[in-house]
Amino acid sequence: MKKSKKLILGSLLITLILLGWGQRVVGAKEMRTLEGQVEFTYGKMSFEIHGHSSELRAMNAVKMMLQEDEGVRDLLDYFRYEPRGVVHFFLDEKAKQANGSAGLFPHNLVTLLDFPPLYSGPLTVAHRWVNLLVIHELAHIIHMEQTRGFFRTLETVFGSVIRPGALVPRWISEGVAVWAESRFSRLGRLHSSLHEYQLYRKLRRLKDGEIGRLDHLGEYPFGGFSYWVGGFFMDDLETKRPGFIRCFVEKNSGLLPFFADRAFRACGGRGVRELFGQFRQDFIRNYEQRWGKGMDSKGIALPHEDQISWFTGTALVGTVLYYVFWEEDEPFVGAFDGAGGSFRSWKAPASIEHLSYESLGGGAKTVTVRLSPRTSKEEKREVYRLGKEGFVKVLDQKSPYEFHFPGGKVLFRYGSWRWTIVREKEGKEEKKRELPPGLWVLRPEAHGGKIFFKLANEQSDEASLMELDPSGLEMKRRGFGLSGNTFFAGSCGEKVYLSEVRGEGTTLTTLGPALGQKEEERPRYLLPGSRDEGLIYAHFSPKAVFVLDRQGPRFDLRGCGPYLKEFGEKRRPHPLPSWELTGHPHYKDPSSSKAFPRARHFVPRYRYFSYSSGDGGEGSRKVGVQTALSDPLGRHTVDLNLHYDLSTRDGQGGLIYTFSKDRFFWGLGRERGLDRSLRSSTEISTDWIKAFVGRKWAKGSWLYRPELSIKRGKQEMGDLSFREEEYEFFQELFWKKKRRHQFVNHLDLRSSISYSKYPHLFYDDWTLELGLEFGLNYDRRWRSLFRFGSSHTFVGDEDGIGVDFPKGQTLFHNFFGLGGIDLYGERIDSLGLNLYRRLGTPYAQWGLFPLRWTEVGALAGVDYVKASRVVMDETQDSRAHSLYGGLRARIKLFYSLDTTVYFLRAWDRLGPSTRVDHRIFLEASF
C-alpha cells in the first residue's frame, strides 16, 4: 500500500510540474479570462469569458452585453433559475462561419464563433447576431442544467454526468432556444416572415401525428427544421399558456429520461401529440385567414417549390428566375422561365452558400454560386459561373465578400471584432479602410458601379444604408431601415431600389440618380400586394418583376417600369436619425484580464464509482472511482482512476495528463492494475509508464495525423516478472469526399512501425503494419467497401506476434464475419470486400420514444485472412474466410447518438474446407 501511495503521489507531482511547464512552453499564456456576474430577481449568474489575447476586445464586448443587455436578465428572470455552476464562454477567433454551441459536461460551456453571418442565410435575421447567439446558447444551459428531486441527489453524488433534462428530442431543446432568442432579443428567427412562410408550406404536408419526424424531415431544410418547427411550436404553447416553457423545463428536470410527455401533460393539459396536432391546425388556419389560402391569378407554381432554399438567394435574368433547391439530399440550381414556363436544372458541385447575379472580373453580369466552406475554420469559397454547359469554376474567394471592378476588386474582411474594406489591384493592396469595432456589415451588393450595404450599430435595432465608391473607398450614408427587414430589390433602368418592411406595409426607396435628393423628399412606393408586411422580397428586371410574398411566388411580365408606374410615386417623410460612424464605447480592450486556466477549474466535475468481486465471493473484491480534472476548454486534462482491492489491501490506479491545443497534443501518465488474459483466467499485474505526442494537419479534403508513443513497464504473473518496452510511430492519411454521393467516397490509409524489446526473452522485434480502406458510391443506393490489412514482424520467431480479435477488428485488420479469432505469425494479411444496397430511409419514430430509424439496407461480403496460425474455436489452420449477408440499419438512439446495427448471418471456414460455424449475430457500433 505504501508503494502504491508513493506511485500515485509521485505521478501527481510530475503532472503538476508538467501542467505549469506546458503553459509556458506550448503557449497557453496566450489565453486570457474575463470574469463577471449578472444579478437578476431570483439570484445571480457567475460567468467567465475565455479567448486568445487578440480577442480581448470581443471578450469585453460579450461581457458588457451579458451585464447590460436587458434580454439576458429577462431570460434568467423568466426561468427563475440560478445556474449552479459557472457558465463559461469561449470565443473562437479561428472560426470563419457564424454559429455557436452549448455543452454541459464536464463544465457549462458556451462556444461562440467570432464570425458574423454572411449573405442572406437564416441567421441574418438581424445585425445583433451576438445578442441572439448569446441568448440562444445561454437558454440551452439554463434548460439542460436543471435537475430536481431524485436526480438532484444523484447529481450531488456523480456530478455533471447526471443531467436528464438534456435527454430530449432536438426540436424541444432547439425550440426552447429559438423561442428565447426571439422573445428576449426582440429579433430572432420567429420574427422572420420567410421562416414563417416556409414553415407553413412544410406543415401543410405534415400530418398531425408525425411528431417523430420533427427532428429529421428527410428533406430540406433537414436539421434546420428542428429549429423552425420547435421555435414556433414552443411560442404557440407559451402564448396560449403563459409560463408553459418554464413549467415544462421544471417538470421534466425531475422525470425519468424519455418521459417528457408527462411534462407536456402536466403543463399543457394534453400529450405532445395532441398539442402538436392542435398547433399545426391553428398555425395553418391563422396563416390562411391573414394571407389567404392560395395565390391570386398572377401566382405560379415553381418546380420543387417546397424544397427551395430561399435563404440561399435568387437571381432574376430577364424573365428567368434562378434558385437553389434540394432533391433528396443533393443541391441543385433551377431556372424557371416565367414567360414560357420552361424549366431546367443543374446538380451543384457541393452545398451552395449563396446564389446571385453579378459581374466577375469586371465583365458582364452572370449567375454565380458560392459553395459553402467545408469546415467552420475554412474561409475560402469556390465561385462558379452558371451557363448552358453547367457549372464552370471562375475563382477562389478568400474574403467574406469580394466585388470585381475594371482594374481591381474591393474586399470586405473580418477579424478581431471589426470589418476592414480593402481595394486591391493585381493582387496588391492599394487602399484600406477600417471600420470601428462593433459596426456590422450586412448584405453588400454592387449596383451601377457602386457598392451598397447596410451598416449596423450594436446599440441600435436600425441599420444605415451606405454607398461605397470602389475607387476611393469613400462612404456616404443614404438611408436607414430595420436591420432584419431591409433588402435590395434590384435595379430598374438607372435606379436602384431598397425595400423595407414596416408597420404601414412594404415600401421601396429609390437610389441611384435620386441620391442627391433630401431623404424626406425621396420617392417611395407602396408595393402591391404587400398589405401588413405581406411581402418577403422582390426582384426587378426590365422584362419582369418577381415577387415572393406570404401567398407564394408570382411574376409580372410587363417589366419593372410599367409595374412601378402603375402605382405611382408616394413621397413619405422619413427623416434620417442622428448617427455617427463610431463603434460601441465598450468595444475596447479591458483594463485587466486573468491568466487561463485558473486553479479552481481543476475541481472534479463528475465521478464514476465501481465495485467488483470474484467468483463465489472468494476472489478479489475491488472498489474504484474514476474522474477527470480539466479546464473548461479541455486544453489540460488529468484522467484519474483509483481502485482498491479489499481482499489484498492493495491499490491500483492511473494518472494521465494530456495537453491539447488546436491540433497538437501530448501526454504523459502511469497506470498500475490487473489484466486478465483472453485465453485464461490468470490475472496479470501490470505497471506502465506512457508518453505520447501527436499532431493533425488538414488541408481541403485531406487530413494527416502522425502520433509517436512510448510505453515502458512490467508484468507479473505469480513468481514470474516480465519487462517490456514499446516504441510506436503511427500515422494516418485520410481523404474525404466533397459530396456525399460522388463515386469515390473516402480513402483511409494507416501505417504503424513499432519496436518492442523483451529483455526477459532476450530478443527485440520490429513490426510494420499497414491498413487501407476505400469506399465507392455507384449511385444513391449502391456502394461498396474494400479493406486491406497487413502486419509484418521483421525480427523474432513466427509465433512471437499475436493479435486478438474479440470483436473482430483492429486498426489494421477489420472483419464482419471473422469474429472472435486469434492470429499469430511474423506475417498477417487480411482482405475484405462488401456491397451495400440502401432499401429505404424511413425516418420512423414513435412519439417521443428514444429511437429513430434513419436508413435500412442489405449488406453482403467476404472476409479473408492468412497467417502462420489462425485459431478459431480451438481449431487452427493457416487461413480462414467468411461469407456473410444480412441487414444493416442506421438508427439514432436517445435522440442524438448515431448507431449502426448489423443483423448478419456468417458462414465461416477454416482452411480450404473445414466449416467452423454458421452464425447469426447482432452487432452495434457508435
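Which residue forms a salt bridge with K892, and how far apart are the closest N and O atoms?

Analyst: Happy to take you through it. The partner of K892 is D898, and the closest N and O atoms of this salt bridge are 2.5 Å apart. The term salt bridge is used here for a side-chain nitrogen of Lys or Arg within 4 Å of a carboxyl oxygen of Asp or Glu. K892 has a relative accessibility of 15%, so it counts as buried; the classes are buried under 20% relative accessible area, exposed over 50% and partly exposed in between, with a 1.4 Å probe and protein chains only.

Before going further, please keep in mind that this is a predicted model, in which local features need pLDDT of at least 70 and side-chain atom pairs count only at pLDDT 80 or more, while totals for chains, interfaces and linings use all residues. Numbering runs from 1 along each chain as its sequence is written, and side-chain values use heavy atoms, with hydrogens and water left out.

As background, side chains of opposite charge can pair when their charged atoms come close. D282 pairs with R285, with 2.6 Å between the closest N and O atoms. These two sit three residues apart in helix α11 (residues 272-291), which means about one helical turn separates them. (Helices are DSSP runs of H or I with at least four residues, strands are runs of E with at least two, and both are numbered from the N terminus.) D282 is buried at 8% relative accessible area, whereas R285 is partly exposed at 39%. E389 and R385 also meet through their side chains, at 3.4 Å from N to O. Here E389 counts as exposed, at 53% relative accessibility, and R385 as partly exposed, at 29%. Salt bridges that share partners also build one network out of R201, K202, R205, E219, E305 and D306.

S226 belongs to helix α8 (residues 224-240) and is buried, with a relative accessibility of 0%. Its side chain makes a polar contact of 3.1 Å with the side chain of D215. Such a contact is a pair of N or O atoms within 3.5 Å; within protein, one must be able to donate a hydrogen and the other to accept it, and residues adjacent in sequence count only if both atoms are side-chain atoms. A polar atom of the S226 side chain also lies 3.3 Å from the backbone oxygen of L214. Apart from neighbours within four places in sequence, S226 is in contact (heavy atoms within 4.5 Å) with R170, W171, L214, D215 and G231.

Helix α3 (residues 70-79) shows how burial can be arranged. Its buried residues are G71, V72, L75, L76, Y78 and F79. Seen down the axis, they fall within an arc of 160°, so they line one face of α3; the arc is taken from the directions from the helix axis to the C-beta atoms. At the start of α3, a side-chain oxygen of D69 comes to within 2.7 Å of the backbone nitrogen of G71. Just after the helix, R80 has a positive phi of about 55°.

Among the strands, β45 (residues 827-840) holds N834, which is buried at 6% relative accessibility. Leaving aside neighbours within four places in sequence, the contacts of N834 include R783, F816, L859 and Y884. On the surface, V693, L708, F729, I753, W766, L768, L770 and F794 form a nonpolar patch. Strand β41 (residues 763-777) supplies the largest share, three residues, while V693 is in strand β36 (residues 683-695) and is partly exposed at 32% relative accessibility.

Stepping back, the protein has twelve helices and 50 strands, and 53% of its 926 residues count as buried. Of the contacts with a separation of 6 or more, 54% join residues 24 or more positions apart. That is the setting for K892, a buried residue in a salt bridge with D898.

Terms used. Patches are made of residues with over 30% relative accessible area and no salt bridge: like charges are joined within 9 Å, nonpolar side chains (Val, Leu, Ile, Met, Phe, Trp, Tyr) within 5 Å. Accessible areas come from the Shrake-Rupley method with a 1.4 Å probe; for residues, only the protein chains shown count as cover.
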